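This report goes through a structure for a reader who has not seen it before. Please look over the sequence and the structure first.

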Amino acid sequence: MTVLGKLSLSAIPLDQPIPIITSMVLLLVMFGTLALATIKGWWPYLWREWMTTVDHKRIGILYGLLGALMLLRGFADAIMMRTQQAASVGGGTGYLPPEHYNQIFSAHGTIMILFGAMPLVLAFMNFLVPLQLGVRDVAFPTFNAVGFWLTASGALLVNVSLFVGEFARTGWLPYPPLSETGYSPGVGVDYYLWAVQISGIGTLIGGINILTTVLKMRCPGMSYLRMPMFCWTAMASSLLIVAAFPILSATLAMLTLDRYVGWHYFTAEAGGNPMMFVNLVWAWGHPEVYILVLPCFGIFSEIFPTFSGKPLFGYRSMVAATLFICVVSMMVWLHHFFTMGAGGAVNAFFGISSSIIAVGTGVKIYNWIFTMYGGRVRFEVPMLWSMGFIVTFILGGLTGVLLAIPPADFITHNSMFLVAHFHNVIVGGVVFAIFAGLEFWFPKVFGYRLHAGWGKAAFWLAFIGFWVTFTPLYVLGLMGMTRRLQHVDFPEWQPWLLISMAGVAILLAGVICQITQLVVSYHQREALRDTTGDPWDGRSLEWSTTSPPPSFNFAVLPRVESQEAYWRSKQEALAASQAGDAPELEPFEMPRNSAVGFFTAFFAFTFGFAMIWHIWWLAIAALIAAFAGFVIFAWRDTGEFEVSAETIASAEHQRQLARRALMEPKA
Amino acid sequence: MSGVQFPASHEAADRLRNRPDLRAKDPVPALPGTGQGETGPADKRILVSYGFWIYLLSDIVLFSAFFAAFAVQHGASAGGPRMPQIVDVGRAALETGLLLASSYTCMLSFAATHRKNLLWTQIFLAVTGLLGLAFVLLEAQEFFDLAARGITPQRSGMLTAFFGLVGLHGLHVSLGGLWLGTMMAQVQVKGFTTQIVHRLTCFNLFWHTLDIVWIGIFTIVYLMGGAS
């Protein structure tokens, strides 16, 4: 037993060019950024304004940044997978060694779901929920920061695995007995376990926070049935987080015990039960899909009314459908293993409950379509993504209903058809929503719009690229191609694989357009400035404050008297041709910045890394330091400061100016 | 009431008590500061206990996964000892008694907190901690006894599930004890500030929840498991 546990120089894969070159580039970028920040003297600013921030809007932005970076990383994995398969037909072996390819598909799934989509969805929930509810903050601001930094340290662990050691070769859900020590003796699965465990706790914290915020912190007058649809979906998603993520924690803890101390939860021998893992992990994993997609439905439910100039069609049925999906999504997990011998009755129950979800989703789809019907539809970029979503998601839903029929599932199970299906719903549902939401709320977050031309180019390339990539996979699935193949034996599959690879190239062009759009918009930010706080003629309360909002969101808490609160007050003001009386200002308290989130995550990362490499002393030291940090934080007396009257008055003045600008007829 | 603010639920209860004409089926007007209906954001105390309740629910879900594992594996003894051979119901009953008593003293400490009585709060917290410590020590003794007989979690799936479930609860009680120590120090140094009373509320909720979980373990693992 050495001081560094299992860690030695041989953990760095010096003989494999791809991970080494990638990690060298990553390290260069990282150290370059750090050096730049040091030279320019940005650290005090970064520390004060970002690393210790407890402002829900900034935490939302941080979540967004993390998610976007991980999305790029996951996309790089996807490019490698598609090119590898297209290049390795017949006798060919492609360019990736099998064990590296296995790590790539595991990393792709893990990163895209848990470190890409999840933070991006949490970014929207964090940024929007308090603004839409008309309150100044989330329920637990400091705790919220802890949640974000834990997620970030989990993501860091996954990326460290690229350079130090290896990642799991088991798929994005490490099924035993393959993931048990006997079959996966390396540190790959351990990286997975600790990264996902740590970030899962972060997500649970975020869920508790959002749930409490929605249930207990709405502004005066905002009853449940006056809440914007996004808040409903954020609440449903948080309910699912609270119900499902502890199952993930438990499952990963059990597998950890199996691997570290030789217990027998999931081993193939001595009374272990691998099937129990599959049940438990999908009891989390299926709701997880809805945790991701429900807030995305909320995003679309905000975009369709705004760009159709009409209230959301069937608001109450939308609420009911959301809660219906929330409940039923917990009852369908077994459809992930129809073929594993549960028997006819069980399969029938889960087949029917899975299909029934399509009813709730169908209600939503019709509501969005009817919202557009008879409205004045403006084809701005967010609306393009939303309409692209409807087309894409419907096909994903249809193939989902097909897969929910057990006999059909026996044929398509574990095939590329399945791969195409879930990309159809996750890309069509979640990724399109994230880009729609990005275009829609970007002016609110940063104070200027995004360049529309590049946005439209990005949308069309992504939309076409998506179909070109995944339609061939449906065909390949029906031809019998299973997923996760390192090389492909049948030459007749190659044309389809090549088409799919071409689709990835189109998608790549879309990604480049998206990045170009950000850069171009930043350079033209003065021309694209949003002075009114309400660039799209919005309907909910976040548009009633300035863009970007002051740190306390609202100088005076709004008072809500109807659904679509801001729309109503705008109409009244327009009718009276005046912006309303100046409200009475009262001082209030806001939470202080705190380093506790950053330190907790630092120790969590250290602990995780030490556990992965069996460096026991470091793990114990990290735990003790974390407890000490907890006590020191708890000893703090004042967590809040009073916002000065001048600050409040100046924010309110700016908002009044913005509202008056809205009153003026458009040039 | 000597200036001590009761939680809103107490106020609501009092109001119902004083107004016999108000029946439960009549709509009760929402109280300001509870975050119900249209009354605006709840105050800090409500937020803290509400959020902590939600955390506790998630903790119960965590336990439920370990309960499920035990339910699946309680017969998977892999040729080793079976449940009735490892269960000592007498000791488990004693543990149950200790934990229930600690819940009672914990509640007494909270009553003292409500009266802002530092001495009795500390005394009852200390008694709660000692009872919890005795519980953990008994459980450790049980684990060591079993290990001495060669009965370890590595032996079979059943034992894994047994040690996992009981151990997880023991870990919670131990961490609760650590928290309790921290709280006693804080109460002593800072007195009953708003923040500290909020934290004591959370600690109480946590401790009682562990009691409820233990009732499940005692029933399912020791009584039912020991009898099967």
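With which residue does B:D88 form a salt bridge? The partner is B:R91, and the closest N and O atoms are 3.9 Å apart. This is a predicted model, and the distances here are computed from it. B:D88 is partly exposed, with a relative accessible area of 34%. B:R91 counts as buried because its relative accessibility is 14%, and buried means under 20%.

**Salt bridges**

Over all chains, a search of the whole structure finds 14 salt bridges. Three of these pairs are listed below.

| Pair | Closest N to O distance |
|---|---|
| A:D534 and A:K570 | 2.7 Å |
| B:D88 and B:R91 | 3.9 Å |

Salt bridges with shared partners join A:R48, A:E49 and A:R58 into one network. A:E49 is partly exposed, at a relative accessible area of 24%, and A:R58 is partly exposed with a value of 24%.

A:D534 forms a salt bridge with A:K570. That pair links distant parts of the chain, 36 residues apart: A:D534 lies in the loop between helix 15 (494-523) and helix 16 (565-576) of chain A, and A:K570 lies in helix 16 of chain A. Both A:D534 and A:K570 are buried.

**Helix 17 of chain A**

Helix 17 of chain A covers residues 596-612, which is 17 residues. From its first C-alpha to its last it reaches 24 Å, close to the 24 Å expected at 1.5 Å a residue. Of its 17 residues, 12 are buried, so the helix is largely enclosed by the rest of the structure. Among them are A:V596, A:F605, A:F607, A:F609 and A:M611. The buried residues of helix 17 pack against helix 5 (141-163), helix 6 (188-216), helix 7 (229-261) and helix 18 (616-635) of chain A. Just after helix 17, A:H614 takes a positive phi of about 60 degrees.

**Where chains A and B meet**

In the interface, 43 residues of chain A are in contact with 45 residues of chain B. The two chains bury about 3,500 Å² between them, with 67% of it on carbon and sulfur atoms. In chain A, the residues that lose the most area to chain B are A:K216, A:W263 and A:W635, together 20% of what that side buries.

Zero salt bridges are counted between chain A and chain B, while nine residue pairs are in polar contact across the interface. Helix 6, helix 7, helix 8 (274-308) and helix 18 of chain A each supply at least two residues of the side that touches chain B. The largest share of that side, nine residues, comes from helix 7 of chain A. By type, the residues of this side divide into 29 nonpolar, nine polar and five charged.

Note on methods: Residues numbered from 1 in each chain as written. Chains lettered and ligands numbered in written order. Predicted model: local features only at pLDDT ≥ 70, side-chain atom pairs only at ≥ 80, totals over all residues. Heavy atoms only, no water. Helix = DSSP H or I, 4+ residues; strand = E, 2+ residues; numbered from the N terminus. Expected span 1.5 Å × (residues − 1). Buried < 20%, exposed > 50% of the residue type's maximum accessible area, 1.4 Å probe, protein only. Contact = heavy atoms within 4.5 Å. Buried area = accessible area lost by both parts, 1.4 Å probe. Salt bridge = Lys/Arg side-chain N within 4 Å of Asp/Glu carboxyl O. Polar contact = N/O pair within 3.5 Å; in protein donor to acceptor, adjacent residues only side chain to side chain. Nonpolar A, V, L, I, M, F, W, Y, C, P; charged D, E, K, R; others polar.
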